[in-house]
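Work through the exercises below with the sequence and the structure open. Each task is followed by a solution in steps.

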Amino acid sequence: MATTEVERRRGQLAALSIAAVVIVVGVPLWWRTTETYRAWLPFSQIKDLSKLQLHLSADVEVVFARGTLTPEQQKKLPLTQTQDEEHAVDENTVLRYTHEIKYRTATIMEEEALGKPTAAEADLSLHMLSESPCGSSVVYVIPEVSSLLPENVKVYIGQRRTAILRINAEMRAGKTVEQLLAVLKPQIKQVLQVMSFSHTDITAALSDRVRFNPGSKESMTHSMRAFTSSPGYEITFSLLNPDPRSHRLHWDIEGAVQTYIQPFLTKLSPLANFSIDSQMLHYAMLGVNPRYNNDRGAFILHADSLAHVINPVEARLGSNAASSNPVLNFLLYVPDAQHSPLYIQDHKKMDVPSNAFHSPRWGGIMVYNVKNLYGPEAEFPVNININMAEVMGVFLTQLRLLVGMESSPPPPGFLVAPCGSVGLADWELDRLMWSRSVENIATATTTITSLAQLLDQIGNIVINDNIAQQVSSAVTSVQLAVAELEAGNLGFALQYSKETILASEKAFFDPSLLHLLYFPDDQKFAIYIPLFLPMCVPILLSLLKMASEARRRYREKQAKKD
Amino acid sequence: MSLSDSLISFRNSFISPRFVQNSAGQFFSSGHTNNWAVLVCTSRFWFNYRHVANTLSVYRSVKRLGIPDSHIVLMLADDMACNHRNPKPATVFSHKNMELNVYGDDVEVDYRGYEVTVENFLRVLTGRLPPSTPRSKRLLSDDRSNILIYLTGHGGNGFLKFQDSEEISNVELADAFEQMWQKRRYNELLFIIDTCQGASMYERFYSPNIMALASSQVGEDSLSHQPDLAIGVHLMDRYTFYLLEFLEDIHPSSKTNMNDLFKVCPRSLCVSTPGHRTDLFLRNPESVLITDFFGSVRKVEITTEPKFSIHQSYSDSDP
């Protein structure tokens, strides 16, 4: 009797201890070994990022030249005003624009500079005096009697960051300073729309965040034409020679790139890295047949057929296999002797002066006619040196458009200075930097928030430490970039925005983040049940038996007590 | 409202100093600037010849209509043209009259053989490839890309079989598309699938701007077209055969729209009922051209006169 009791006791103890081991050691062990490693992410900060409040601010100086102000008005200067504008683009994005305008009178040296005969020279001497920091603008107000600007021109926008505004005499007569400034305000605002950031530009840059808001049609085409922000771009210059038997072409591409393109790209270096290469393709045809026009005595390529030119050529173009940067292709096509000369006509049947066309987010093609360079008695193949200046002028125009420069004409009464040898005015660079910073910040915030959402939703993805670090650094950089934009430090804002986009893209596209294979619930049960059920059933049954026996004994004890 | 009319009016706006008619919206109504195609054949073994032929025929159409190889990711799970059981080596035919060799002479296969796995497919779609992957194996699309995705193979209710050893479920596919949408990797997506019970694969999509077509409904099998007694296997599936026939009539400037594509292969020819899904798509299918997805018609703008003068001798004295 006692032995069975002892054995039963031993059996109960064994079952209890096994159950204890399973629960205390087994279950946590199983839990730890099957959980996915997820490093800590700053989810709360990322949630804050989804509501984007961008505050762009720029410093403006308005300098009054002699003859624009009455002495009473002059006494009130220098004066500072703030122009503030707020737009809610959608429920998550708010844009605020601030211009901090400082009004003052011109110094003696500035007066001397403004006394130069032409606006361009004035611009140059003003620039010699002081260089405006990145992101700021200076507007010089000159009296009506000044001969600096031509007759119908009200505003002259220079190559750097200065503009010259002509004021009407009746505007300033008999007014206090405040009234004068109020009258000037819309004019200054118009100038700043051209030179500094404008709402259409910035909303176009936000197209990543604000998807279904086309805005104005110009901004949509503008946003479609320019390449998206990328840390680097590749530019490829290709010379297409369909007829090597007739033409032997020489082009000094290296020299031309060094002279014309490189200064432009160097100036753009805060935005992105550019790498350039070139190639020559022989026997590369255009793919469309131009028609011969008897009146012109030349072959005509109509604008409608231009869209089909690019594809057959693109298949032949090489590109750098190692990098994933977007490629800008610039093609120079020299028509073959049978189809020379070849002109491009627009839809109005008029010749295109540049003989070139470009395709949004792809590049440009220029047709270069060489028929006039040799006569019928020439010995084939003819050696031809291509005039790189002409070619590079066209390519540079196309490059400007593809990089994101504004192509819409300025408002009436405005005269924009030609951009000089570099091909880029300082204020144009500033505008690009503003929209680029905003675009980077918008893209990075969407990337980070969608990554956080994704990681939250899918519990199976492993989050490694390096990803967590990338995300944290991306979040920090975004906050810094937004702060710098608010402070008006354009250079730093752009730099931080580039850092944040690099970090966020790296985190989002990390190869380890592949969604672990989806296991439907029935499959999970099918795997666990054969493993755990055979082990658990005896333990559970013995526990149940112990429990029922304990209850029985307790009831017996109760019965004995009564 | 044709494309050329819109080109004309947009062109006018560039020539004249002020925008004459702001029809830029019409011109860029489809909103895309480049096209990509991801064509996947998921089955291997000689008796699945028709799946490779399916994929190659779509590849051929897409190339013919203008999408360059650099923008096509072609994944073939097996090599039929150079298979040692192929009595006509280096060819893949779509019909037993052997008129059309869809293998052609310019095929660029990006993922071949055992490289075609669910993981690689998802990596291509989401972009999470190791940094050493070459450009030709990547889907480098942006927010203005229209992407055509074509899948074929053996499938069932809610899954598609890859390589006879693994499968991709419709949930994973829908999640992958959602990740593409989150990262703005496409403007519009056309998804075509030719498998048994193909409609189940697009049931779970929830991202915007996706249009889907399938060769059969849930519970139906997609049938193959005709066998060829010389080659010994079925050469092509019915749906893709009639799709190829339809696409052979399309040329780069044709104006056929999606409603015609939905009518391809009616029940009388296909035996199964092809299905389509357009509720996630923003535009009206009638206004969507076939060439918006299958071809690559580039938008073009004329370059106006440069605004600055470039001198022959670089002797400017700008500081």
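**Exercise 1.** Which residues does M392(A) touch, not counting residues up to four places away in sequence?

Solution. Start with the conventions. This is a predicted model, in which local features need pLDDT of at least 70, side-chain atom pairs count only at pLDDT 80 or more, and totals for chains, interfaces and linings use all residues. Residues are numbered from 1 along each chain as its sequence is written, chains are lettered from A and ligands numbered from 1 in the order in which they are written, and side-chain values use heavy atoms, with hydrogens and water left out.

Step 1. Apply the contact criterion, heavy atoms within 4.5 Å. M392(A) then touches F237(A), I253(A), A256(A), V257(A), Y260(A) and I261(A).

Step 2. A nonpolar core is a set of buried Ala, Val, Leu, Ile, Met, Phe, Trp, Tyr and Cys residues joined through side-chain atoms within 4.5 Å; buried means under 20% relative accessible area (1.4 Å probe, protein chains only). The largest such core has 91 residues, and M392(A) is listed with F237(A), I386(A) and L399(A) as having the most contacts inside it. Helix α13 (residues 426-457) of chain A contributes the most to this core, 13 residues. Helices here are DSSP runs of H or I with at least four residues, strands are runs of E with at least two, and both are numbered from the N terminus.

Step 3. Note the separate core of 51 residues, among them I72(B), V264(B), F281(B) and V288(B).

**Exercise 2.** Give the strand order of the six-stranded open sheet, and explain why one side of each edge strand lacks a neighbour.

Solution. Step 1. The order is β9(A)-β7(A)-β12(A)-β15(A)-β14(A)-β11(B), with mixed pairing. Two strands pair if DSSP finds at least two bridges between them.

Step 1. β9 (273-282) of chain A and β11 (301-302) of chain B are at the edges with a single partner strand each, so one side of each has no neighbour in the sheet.

Step 2. β7 (residues 232-241) of chain A runs parallel to β9(A) over 10 bridges, and G232(A) stands opposite N273(A).

**Exercise 3.** Which parts of chain B have pLDDT under 50?

Solution. Step 1. pLDDT is the predictor's confidence in each residue, from 0 to 100. Chain B averages 84, and 86% of its residues score at least 70.

Step 1. The value stays under 50 over residues 1-28 of chain B and over residues 310-319 of chain B. Where pLDDT is low, the predicted coordinates should not be read in detail.

How values were computed:
Buried < 20%, exposed > 50% of the residue type's maximum accessible area, 1.4 Å probe, protein only.
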